[in-house]
Amino acid sequence: MGLLDDILKQAGGKQASGLGAIADLVMKNPQIIAAAIAMLNPKDPSVGGGGGLADVVSAFHKGGLGDVMASWVGGGPNKPVDPAALANVLGPDVLGQFAKQAGIGSGQAGSVLAHVLPELVNQMTPQGQVPQGNALDSVLGSLLGQLSAR
């Protein structure tokens, strides 16, 4: 199963005919995944200022959602995150940047990210820890390759 398939499953759509609203939006707009990957990429300052996955992990811990992030990084099931709590942790600037790059309304950003971010973080942390340096570059390259293969 590829990246987009995993994200669609997380967003509530098992197959094209039964997609949920978020999964349907992601299918129609792959820029959503690209924008979320940009937020997690420390070499891409377009969403979140370039701190990447490490900054997102830190924001979750500071915002009281460390257990949620730990479930995404760890090997078990991903805990869901409330879109409002996610919006509070990431802040309006990051959400606005994400929405603009994803081509969605800023009001949708929290809900969309609440569905796609857990699986993206999970995919980026297959060893149960945040990759650094060349390992992070490799994971990001793989994710972007899967996205462009669609």
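N78 is placed in the loop between α5 and α6, where helices (H or I, at least four residues) and strands (E, at least two) are DSSP runs numbered from the N terminus. The side chain of N78 makes a polar contact of 3.2 Å with the side chain of N122, and a polar atom of the N78 side chain also lies 3.5 Å from the backbone oxygen of P118. A polar contact is here a pair of N or O atoms within 3.5 Å; within protein, one must be able to donate a hydrogen and the other to accept it, and residues adjacent in sequence count only if both atoms are side-chain atoms.

Residues are numbered from 1 along each chain as its sequence is written. Because the model is predicted, local features need pLDDT of at least 70 and side-chain atom pairs count only at pLDDT 80 or more, while totals for chains, interfaces and linings use all residues; side-chain values use heavy atoms, with hydrogens and water left out.

Two further residues of the loop between α5 and α6 were examined. K79, in this loop, and D67, in helix α5, meet through their side chains in a salt bridge (3.3 Å, N to O), defined as a side-chain nitrogen of Lys or Arg within 4 Å of a carboxyl oxygen of Asp or Glu. The structure holds 1 salt bridge, and the pair links parts of the chain that are 12 residues apart. K79 is partly exposed, with a relative accessible area of 38%, and D67, at 43% relative accessibility, likewise counts as partly exposed. D82 is also found in the loop between α5 and α6 and is partly exposed, with a relative accessible area of 45%. The side chain of D82 reaches the backbone nitrogen of A84 at 3.1 Å, and the C-alpha atoms of D82 and A114, 32 residues apart along the chain, are separated by 6.7 Å.

The protein chain as a whole has 8 helices and 0 strands. Of its 150 residues, 45% count as buried, and the chain exposes about 7000 Å², of which carbon and sulfur atoms supply 52%; these areas come from the Shrake-Rupley method with a 1.4 Å probe, and for residues only the protein chains shown count as cover. With contact meaning heavy atoms within 4.5 Å, residues 24 or more positions apart account for 60% of the contacts in the chain that have a separation of 6 or more.

Helix α5 (residues 66–73) is mostly covered, with 6 of its 8 residues buried, namely G66, V68, M69, S71, W72 and V73. The cover of these buried residues includes α4 (52–62) and α7 (106–124). In α4 itself, the buried residues are G52, L53, V56, V57, A59 and F60. They cover an arc of only 160° around the axis and therefore lie on the same side of α4, the arc being that of the directions from the helix axis to the C-beta atoms. The buried residues of α4 pack against α3, α5, α6 and α7, and the helix is followed by G64, whose phi is positive, near 80°.

The largest nonpolar core contains 41 residues, of which F60, L90, F98 and L113 touch the most other members; such a core is a set of buried Ala, Val, Leu, Ile, Met, Phe, Trp, Tyr and Cys residues joined through side-chain atoms within 4.5 Å. Two or more residues of this core come from each of α3 (31–40), α4, α5, α6 (83–102), α7 and α8 (133–148), with α7 giving the most, at 9 residues. Leaving aside its neighbours within four places in sequence, F98 is in contact with I32, A35, A36, V47, I104, A109, V112 and L113.

Two other loops complete the description. G103, in the loop between α6 and α7, is exposed, with a relative accessible area of 58%, and the C-alpha atoms of G103 and I32, 71 residues apart along the chain, are separated by 7.3 Å. By contrast, N41, in the loop between α3 and α4, counts as buried at 14% relative accessibility; neighbours within four places in sequence aside, N41 is in contact with G50, G52 and L140.

Definitions and conventions:
Buried means under 20% relative accessible area, exposed over 50%, partly exposed in between (1.4 Å probe, protein chains only).
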